[in-house]
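Trainee: I would like to go through this chain element by element. Can we start with the strands and work outwards?

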Amino acid sequence: MAAAKAKAKGRAALYAVKEGKAALQRKSCPRCGTGVLLAEHENRLCCGKCSYTEFKK
Ligand SMILES: [Zn+2]
């Protein structure tokens, strides 16, 4: 039960950020600003501009 609940929560989190921006899961770089999106990799997000890397959980 706990596992199923956690899974559902994780999925919901994927779609939590859809206020206008469809289902875009891309985040903006905190260093470069809102215009620069982070490239998505297997387990991390990277900024191609300043090399900022954010690990997914
Ligand atoms: Zn950047």
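This is a predicted model: local features need pLDDT of at least 70, side-chain atom pairs count only at pLDDT 80 or more; totals for chains, interfaces and linings use all residues.

Trainee: Which strand pairs with β2, and in what sense?

Mentor: β1 and β2 form a hairpin, with three residues between them. Within the pair, Ser-28 stands opposite Leu-37 in β2. Two bridges join the strands, and the partner, running antiparallel to β2, is strand β1 (residues 28-29).

Trainee: What elements does the chain have in total, and in what order do they run?

Mentor: There are one helix and five strands. Read from the N terminus, the order is α-β-β-β-β-β.

Trainee: What percentage of the residues in the chain is buried?

Mentor: A residue needs 20 or more other C-beta atoms within 10 Å of its own to count as buried. Across the 57 residues of the chain, the buried share is 4%.

Trainee: Which strands stand at the edges of the open sheet, and why?

Mentor: The open sheet has three strands in the order β3-β4-β5, with antiparallel pairing. An edge strand here has a single partner strand, so one side of it is left without a neighbour in the sheet. The strands at the edges are β3 (39-40) and β5.

Trainee: Is Glu-54 buried or exposed?

Mentor: Glu-54 is found in strand β5 (residues 53-55). Glu-54 has 12, so the class is exposed.

Trainee: Which residues is Glu-54 in contact with, leaving aside its neighbours within four places in sequence?

Mentor: Contact here requires C-beta atoms within 7 Å. Leu-38, for instance, is 16 residues from Glu-54 in sequence, and their C-alpha atoms are 8.7 Å apart. The contacts of Glu-54 are Leu-38, Arg-44 and Leu-45.

Trainee: What is the phi of Ser-51, and where does the residue lie?

Mentor: Most residues other than glycine have a negative phi. Ser-51 is not a glycine, yet its phi is positive. Ser-51 counts as exposed because it has 9 C-beta neighbours inside 10 Å. Ser-51 lies in the loop between β4 (44-46) and β5, and its phi is about 70°.

Conventions: Residues are numbered from 1 along each chain as its sequence is written. Helices (H or I, at least four residues) and strands (E, at least two) are DSSP runs, numbered from the N terminus. Two residues are in contact if their C-beta atoms, placed from the backbone, lie within 7 Å. Two strands pair if DSSP finds at least two bridges between them.
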